Amino acid sequence: MQELKERIIAEGIVREGNVLKVDSFLNHQCDVTLYQHMGDAWAQHFADKKIDKILTVAASGIGISCVAALSFGGVPVVFARKAQSINLDGDQYTARVHSYTHGNDNTVIIAKRFLQPGEHVLLIDDFLANGAALDGLIEICRQADAVVEGIGIAVEKGFQSGGKRMRESGYDVCSLAIVKSMDVSTGKIEFA
């Protein structure tokens, strides 16, 4: 998606540890018009798929998923919480997820009443690096007997293993910008 790539070039900041900071438009301050265009791109890509729900992980995927849901006719968005709270009651699906960004493990949680057997789900997230968050969402879908119809990613770090592994596992991954390389000393970003 050319618009997203141009924003990454113009505003993205490359940091040590393979970190691409795009918080001015993607995952801190939110450009909802860009989100809408991203949702439209995913809706076009997955037009032949039945999508009952969009599933994401708190927190950065929530805004993108909510706006993208409008492009899929306003389907519900369910997000996996990263912490147990008194608001989470009843039966739950859980999975362990390692956060690349934060360098820690979380148990992600979805109330069973929000993900039913046989539902067709699109997974959406802001970044794909090693694929740990997706592994957790896929595990929850497996527990729920829900069907993963595809994966929508804003920015994939193509030089890390997640995208390749997901595709080799048979998932239809639609990444709107695939970063081939980043140079922390020059700030240069190249796309696949």
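I call a crossing left-handed if the near helix is turned anticlockwise from the far one by less than a right angle, and right-handed if clockwise. The axes I used are lines fitted to C-alpha atoms, for helices over the stretch in contact, with angles from 0 to 180 degrees between N-to-C directions.

I noted that this is a predicted model, in which local features need pLDDT of at least 70 and side-chain atom pairs count only at pLDDT 80 or more, while totals for chains, interfaces and linings use all residues. I number residues from 1 along each chain as its sequence is written, and side-chain values use heavy atoms, with hydrogens and water left out.

**Helix 2 and helix 3.** I took helices (H or I, at least four residues) and strands (E, at least two) as DSSP runs, numbered from the N terminus. I looked up how helix 2 and helix 3 meet, and found that their axes come within 8 Å and cross at roughly 55 degrees. Helix 2 and helix 3 are therefore oblique to each other, since angles under 35 degrees count as roughly parallel, over 145 as roughly antiparallel, 65 to 115 as roughly perpendicular and the rest as oblique. Their crossing is right-handed. From helix 2 the contact (heavy atoms within 4.5 Å) is made by Val32, Tyr35, Gln36, Met38, Gly39, Asp40, Trp42 and Ala43, and from helix 3 by Gly63, Ile64, Val67, Ala68 and Ser71.

I then checked burial in helix 3 (residues 60–71), where Gly61, Ile64, Ser65, Val67, Ala68 and Ala69 are buried; buried means under 20% relative accessible area, exposed over 50%, and partly exposed in between, with a 1.4 Å probe and protein chains only. These buried residues of helix 3 pack against helix 2, strand 3, strand 4 and strand 7. After helix 3 comes Gly73, with a positive phi near 80 degrees.

I traced an open sheet of six strands in the order 4-3-7-8-9-10, with mixed pairing, where two strands pair if DSSP finds at least two bridges between them. Strand 4 (77–80) and strand 10 (189–191) are the edge strands, each pairing on one side only. Strand 7 (residues 120–128) and strand 8 (residues 147–157) run parallel and are joined by eight bridges, and I found Val148 of strand 8 as the bridge partner of Val121.

**Helices across the sheet.** I saw helix 2 (residues 32–45) lying across strand 7, strand 8 and strand 9 (173–182), at about 120 degrees to strand 9. Helix 4 (residues 132–144) lies across strand 3 (53–57), strand 4, strand 7 and strand 8, and runs at about 165 degrees to strand 7. Leu134, Gly136, Leu137, Ile138, Ile140, Cys141 and Ala144 are buried in helix 4, and just after this helix Asp145 takes a positive phi of about 60 degrees.

**Two residues.** I placed Thr56 in strand 3 and found that Thr56 is buried, its relative accessible area being 0%. Leaving aside neighbours within four places in sequence, the contacts of Thr56 include Gly61, Ser65, Phe79, Ile124 and Leu137. Ala58, in the loop between strand 3 and helix 3, is buried with a relative accessible area of 14%. Not counting residues up to four places away in sequence, Ala58 touches Phe79, Ala80 and Lys82. I also noted that Ala58 and Val108, 50 residues apart in sequence, are 8.7 Å apart in space, C-alpha to C-alpha.
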